Structures are given as C-alpha cells and as structure tokens.
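Please keep the sequence and the 3D view at hand while reading.

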Amino acid sequence: MGILFTKRCVLCGEMLPAIGTGKAMLCPDCAAEVRQRYRCTEAIRIPGAADAAAALYYTGKVRNAMQRFKFQHKQQYAAWFAAQMLPLLAERLDTWRPDLVTYMPIGFLRLHERGYNQAELLAKAVAEPFTLPCRATLRKRAFTPKQSTQKDAVARQKNAERALLPLKSAEVRGKLVVLVDDIITTGATAAAAVKLLRDMGAARVYVLAAARTPGK
Ligand SMILES: [Zn+2]
C-alpha cells in the first residue's frame, strides 16, 4: 500500500507551497512549533520492555492530527508520524538490533469500520527504510471493555492483558522485537503487549510510539 502525498500541512491544514521536491508535510510555522513544543524529550518506561521511546507529545496540534489520522481516514498522515519516529529507531538500531517490527492490534470491528490499523501503517513505514520485517503478532479479543472505563491502574492493567491474544502464526521466539504503537497514555496497553510477546518467547521487546501524553 502506497502512502499518499498530502498538499496540506498535517498539523494546521494550511495549503503548502509546491517547493523543492514537494515532499514537505508541514508549513514552516508548524515545523518550528514541532521543534519547540512537540518533540518528546523524556525517557519512557514500559514495564517489561527493554527500552521505549516516543517521538512527540500527544497534545495540541499533534493530538488533533493524531485524531484525524485515526478517525477521519487521514491514513496519509502515517508518513509524517513515521518520519518523526524514524530518527529514534535509527539512533537505537545498534543497541536494539531488532529482528522484527510488530504493532499493536486493533479490534476486528474497528479495523473493518476504519479500513486500516494506524499502528500497522506506522510500523510498516518505520520498518521499510531499515529493511526489517514487519509482521502482525498479536490480536485483540472481541468485545473487551475500553481502557478509559477502568477504575484504576490495576484494573487497567488486567483489562489490557485480557484484551490481547497471540496470533497463531506469530513467530517471535528468541527474537528482538520492536513493538510500534500510535499513542502511549498510561502505558498499560503497551505493557500488556510487551508481557504477552515475552510470554510468547520474544527475547527482548522495545516499544516505539508516535506520541505520548505529556507529564506521565
Ligand atoms: Zn501548519
């Protein structure tokens, strides 16, 4: 599946002037704002993960763009979000030495209604430049309650763990796996996926996210 070129700024929707190779996805103002305000500078800790990193803070224009990416069929935004994640993976390639890139699954009904899994689009776009295989390894159990309806951290963790199942075809035994997700909020879902991948035999799991909620 190809990634479509967008002629509007991903963050503010302004039309972009056709300059250079025409590959710019942000207007100059938003590009500056990303550098000043949205670039995630904190380390992330996901229980069970050998390391974790996120490219951006999930707030303001980034949050709005992520919502459009997920809920308004802007799958072409995957190219921009993935471009923010690529340097993180490049920096860590020698230490992570990944064998496989995988991604957080979404439910079957949601996939059917949306037509794509945003985490899968991101995973494919970050794996490709490094010639890493990108495969599904997990699936979402149908009809699991939403994380946001859980009363506390313990309940969220239990619910997140119950929501995920291994894919029968998954082959992660002994592998160094990068798990790609779109947003990290509490980290409960990412932690549950990491735990499951470890239980499935992955030697190490690294988490790479497009964005994380600030101040967690
Ligand atoms: Zn803009």
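In this predicted model, the largest pocket holds about 1100 Å³ of space. Its lining is made up of 40 residues, and those closest to the centre of the pocket are Lys70, Arg110, Lys140, Lys146 and Gln147. Sorted by class, the lining of the largest pocket comprises 18 nonpolar, 11 polar and 11 charged residues.

Several elements give two or more residues to this lining, and they are set out here with their residue ranges.

| Element | Residues |
|---|---|
| helix H2 | 60-71 |
| helix H4 | 108-114 |
| helix H5 | 118-127 |
| helix H6 | 153-163 |
| strand S5 | 176-184 |
| helix H7 | 188-199 |

Among these elements, H4 supplies the largest share of the lining of the largest pocket, namely 5 residues.

The other feature is the metal site. Which residues are the protein donors of the zinc ion? They are Cys9, Cys12, Cys27 and Cys30, each through its SG atom, and they lie 2.3 Å from the zinc ion. The angles among the 4 donor atoms run from 102 to 117 degrees, and the site of the zinc ion is tetrahedral; for comparison, the ideal angle at a metal with four tetrahedral donors is 109.5 degrees.

Methods: Residues are numbered from 1 along each chain as its sequence is written. This is a predicted model: local features need pLDDT of at least 70, side-chain atom pairs count only at pLDDT 80 or more; totals for chains, interfaces and linings use all residues. Side-chain values use heavy atoms; hydrogens and water are left out. Donors are N, O and S atoms within 2.8 Å of the metal (3.2 Å for Na, K and Ca); water is not among the atoms, so sites may look incomplete. Four donors count as tetrahedral if all angles lie between 85 and 135 degrees; four count as square planar and six as octahedral if opposite donors are over 155 degrees apart and all others between 65 and 115; anything else is irregular. On a 1 Å grid over the protein atoms alone, a cavity is a set of points where a 1.4 Å probe fits but cannot get out, and a pocket is an open set with protein on both sides within 12 Å along at least five of seven lines; lining residues have an atom within 4 Å of a point. Grid points are joined across faces, edges and corners, and a volume is the space filled by probe spheres set on the points. Helices (H or I, at least four residues) and strands (E, at least two) are DSSP runs, numbered from the N terminus. Ala, Val, Leu, Ile, Met, Phe, Trp, Tyr, Cys and Pro count as nonpolar, Asp, Glu, Lys and Arg as charged, and the others, Gly among them, as polar.
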